[in-house]
Amino acid sequence: MFFWRMIGRALRRQVGKRLMIALTILLGSSLATSMFAVMLDVGDKVQAELSSFGANIEVLPEGASIVSDMYEVDSGASSGSIREDELPNLKTIFWGYNIEDFAPFLSVTATAEGREIAVVGTWFDHELSTATGEKLSTGVAHLRDWWAVTGSWPQAEDEVVVGSRLAAELGWETGDHVTLDGENGRVDATISGVFESGSDEDNQLFASLAVAQQLANRSGEVGSIEVRAITTPDNDLAREAASDPSALSADEWETWYCTAYVGSIAYQIEEAMTNVVAKPVRQVADTEGAILDKTQLIMSVVAIFAMIAASLGIANLVTASVMERSKEVGLMKALGARNTSIVGVILTETMVVALIGGIVGFGVGVGLAQLVGHLVFGSGIAIRPIVAPLMALVILLTVVVGCLPSMRYLLKLRPAQVLHGR
Amino acid sequence: MTQNSTAAAHPDLLGEPIYSVRDVSRRYGELAALDRVSLTIARGEWLSIVGPSGSGKSTLMNILGCMDSPTDGIVLLEGERLDKMGEPELAKVRRQKIGLIFQQFHLVQHLTACENVMLAQYYHSLPDEKEALEALERVGMAERATHLPRELSGGEQQRVCVARALINHPDVILADEPTGNLDEVNERVVIDFFHQLHDDGTTLIVVTHDSEVAAQGQRQIILEHGRIVRETTDLSNTPTKGKPVRGVEAR
């Protein structure tokens with residue numbers, strides 16, 4: 001076809017300018033591709049990153065929850081209890097696979113070395129079999145993986161870990177034997193490690209759940225559970241459900257229930273266990289949402305600015321190129337070419353060059369996204385299928401906007417002006 | 001190439017007015033490049049427009065060639081008012097009725113001789129390489145069809161321009177100083193083509209300051225300061241085919 005023959009011939013001219021256009025698009029599109037790719041994948045990444053900072057759902061006995069709500073205090077297990085045998089139920093809920101880790105807690109007070117200390121019974125690395133036959137290991141070793149433990153996590157029932165401040169006060173070290181006196185008996189234990197958490201937990205001693213139950217004489221009971229679940233960031237529906245789930249319509253209810261909002265997972269936990277209240281730990285959940293929004297906004301702004309810069313670059317280059325070719329354009333008009341034909345030729349030439357730059361830029365952008373993924377999140381970025389058509393659209397828009405000034409020049413150009421100097 | 005312009009296809013129309021220009025002025029600010037020019041050009045006529053630089057020759061050619069519009073006055077081409085037309089309509093007239101030849105050739109530098117001819121076909125209707133090659137053959141350029149303009153001499157480039165101007169069988173050929181950049185030999189070649197076209201009944205309007213080239217036409221109008229100051233007719237230059245042509249009037 002003659003049109004493509006013309007384009008092919010034209011592309012062999014002004015090679016320097018064409019290369020600059022391709023390079024401009026390459027730089028813009030590589031940056032925009034990497035930003036879009038990271039932006040679309042960052043939800044999971046940020047969530048994974050933030051979820052490593054602890055639990056996002058707290059399960060309390062019904063009574064304790066009321067006390068906690070009324071007096072705004074952390075009630076611990078001061079009132080009511082959760083049945084230990086119901087813990088595996090957590091993995092049986094609709095979003096069971098999203099529950100990554102959980103650990104039961106039972107706080108008791110015991111005497112050691114003549115002073116009262118806070119003892120927390122929990123699972124460290126507990127092997128659990130669910131009703132569905134799934135095996136998992138869960139506990140504070142996973143849930144508090146940022147703790148700096150000197151020594152090791154307890155392996156045996158009679159091993160404990162001690163907070164760094166408590167250990168310093170009492171002069172305990174790894175390997176020491178301690179005796180804990182509770183209301184209902186005495187337990188001998190060995191310190192397997194000293195941990196530093198950076199919180200009040202540094203004043204506590206963490207023992208196995210069975211030890212705490214024995215000390216408190218509360219066999220088979222748990223004071224609270226912390227759950228870390230993979231959740232979907234809250235949206236308007238989730239917020240509406242959080243304020244009053246009964247206000248949702250049947251369709252909205254179904255959507256909410258079948259989406260991994262932190263609220264719906266908490267709701268399902270309440271369904272699966274007896275007399276418990278599951279509450280989203282809002283701080284973490286909200287932080288996730290806010291950080292995600294801001295991160296995505298910054299990335300969008302960077303991508304948009306990259307393409308605006310590319311568009312401006314193209315505007316200069318194409319206008320310079322068209323001005324250089326004004327006699328050729330004037331001749332086309334003198335031969336009777338319609339404005340649309342001339343605009344079509346210039347736009348197609350630019351688009352072909354931009355396409356080459358864009359394809360290379362896309363490849364570079366994907367590489368850049370992986371680099372960002374590894375540097376920031378320690379893992380690769382999954383390129384969503386939407387990124388390619390999105391970038392094609394963005395490049396198309398960039399080229400069209402970039403060509404606008406030259407199009408204006410082309411439309412205003414009169415053949416007599418350039419062919420006869422009038 | 002087959003010559004089938006309107007005049008050649010309908011010899012009876014020869015001598016009928018193709019252009020009617022009435023009191024046409026073209027001003028650029030205070031400057032009047034053309035000042036109330038009136039003239040009629042007959043179909044099949046060879047008109048030479050002569051005058052010194054700045055006399056308004058190119059302005060008149062731009063208006064006749066639909067590349068500019070007058071500030072005042074009426075321009076009719078085959079009964080259609082050019083002065084009332086917008087750019088899209090003027091472009092349509094250019095591609096359908098007019099063939100242009102320039103002093104500076106104005107060939108697209110990255111297209112071969114053949115492709116330059118096909119370009120005119122492309123904007124007119126459909127490019128046909130075979131027909132373009134026949135047009136080049138007619139001007140003796142068939143062997144140079146695949147050459148780029150920079151590989152051709154001035155005379156060769158002008159012959160390609162002639163082939164391009166003829167390819168769509170226009171009613172009128174407008175030539176602006178067609179021999180201005182040519183040596184004597186090539187000037188003769190181009191003039192001979194014009195005679196052939198004239199013989200075939202094509203209307204030729206040639207702007208020139210070369211008295212020898214101007215003398216080839218049947219009628220010469222001399223412009224000065226945007227006005228027609230003199231007009232001469234040479235009946236010995238009537239075409240060998242078709243009816244004799246007479247110029248009509250001049251202010």
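**View 1. Strand β13 of chain A (residues 224–229) is mostly covered in this predicted model.** Six of the six residues of β13(A) are buried, where a residue counts as buried if 20 or more other C-beta atoms lie within 10 Å of its own, as exposed if 12 or fewer do, and as partly exposed in between, with C-beta atoms placed from the backbone. Strands (E, at least two residues) and helices (H or I, at least four) are DSSP runs numbered from the N terminus. A:S224, A:E226 and A:R228 point one way from β13(A), while A:I225, A:V227 and A:A229 point the other way, and all are buried. In a regular strand the side chains alternate between the two faces of the sheet. Residues are numbered from 1 along each chain as its sequence is written, and chains are lettered from A and ligands numbered from 1 in the order in which they are written. Because the model is predicted, local features need pLDDT of at least 70 and side-chain atom pairs count only at pLDDT 80 or more, whereas totals for chains, interfaces and linings use all residues.

**View 2. Strands β1 and β3 of chain A both pair with β13(A) in the antiparallel sense.** Two strands pair if DSSP finds at least two bridges between them. Strand β1 (residues 57–61) of chain A is joined to β13(A) over three bridges, and A:V59 stands opposite A:I225 of β13(A). Strand β3 (residues 99–112) of chain A is joined to β13(A) over six bridges, with A:A229 in β13(A) as the bridge partner of A:I99.

**View 3. Six strands of chain B form an open sheet with mixed pairing.** The order of the strands is β6-β7-β8-β3-β9-β10. β6 (98–101) and β10 (227–233) of chain B stand at the edges with a single partner strand each, so one side of each is left without a neighbour in the sheet. Neighbouring strands of this sheet are turned by 15° against each other on average, direction ignored; the axes are lines fitted to C-alpha atoms, for helices over the stretch in contact, and angles run from 0 to 180 degrees between N-to-C directions. Strand β9 (residues 219–224) of chain B runs antiparallel to β10(B) and is joined to β10(B) by six bridges, with B:T232 in β10(B) as the bridge partner of B:Q220.

**View 4. An open sheet of four strands in chain B has antiparallel pairing.** Its strand order is β2-β1-β4-β5, and the edge strands, β2 (31–42) and β5 (80–81) of chain B, each pair on one side only. Strand β1 (residues 17–28) of chain B pairs with β2(B) over eight bridges in the antiparallel sense, and B:P17 stands opposite B:A42 in β2(B).

**View 5. B:V117, B:L136 and B:A163 touch the most other members of the largest nonpolar core, which has 117 residues.** A nonpolar core is a set of buried Ala, Val, Leu, Ile, Met, Phe, Trp, Tyr and Cys residues joined through C-beta atoms within 7 Å. Helix α2 (residues 15–51) of chain A gives the most to this core, with 13 residues. Leaving aside neighbours within four places in sequence, B:A163 is in contact with B:V117, B:A135, B:L136, B:R138, B:V139 and B:M141, two residues being in contact if their C-beta atoms, placed from the backbone, lie within 7 Å. A second, separate core of 61 residues includes A:L106, A:V119, A:I191 and A:L205.

**View 6. Chain B meets chain A through 24 of its residues, which are in contact with 22 residues of chain A.** Helices α2 (57–64), α3 (87–97) and α4 (113–124) of chain B each supply at least two residues of the side that touches chain A, and α4(B) gives the most to that side, with seven residues. By class, this side of chain B has 13 nonpolar, six polar and five charged residues; Ala, Val, Leu, Ile, Met, Phe, Trp, Tyr, Cys and Pro count as nonpolar, Asp, Glu, Lys and Arg as charged, and the others, Gly among them, as polar. The model scores ipTM 0.87 and pTM 0.66.

**View 7. Some stretches of both chains have pLDDT under 50.** pLDDT is the predictor's confidence in each residue, from 0 to 100. Chain B averages a pLDDT of 86, with 87% of the residues scoring at least 70, yet the pLDDT is below 50 over residues 1–10 of chain B, a stretch that has 25 contacts in the model beyond near neighbours in sequence. Over residues 240–251 of chain B the pLDDT also stays under 50, and the model has 39 contacts for them beyond four places in sequence. Chain A averages a pLDDT of 86, and 91% of the residues score at least 70, while residues 72–78 of chain A stay under 50 and have 15 contacts beyond four places in sequence. Where pLDDT is low, the predicted coordinates should not be read in detail.
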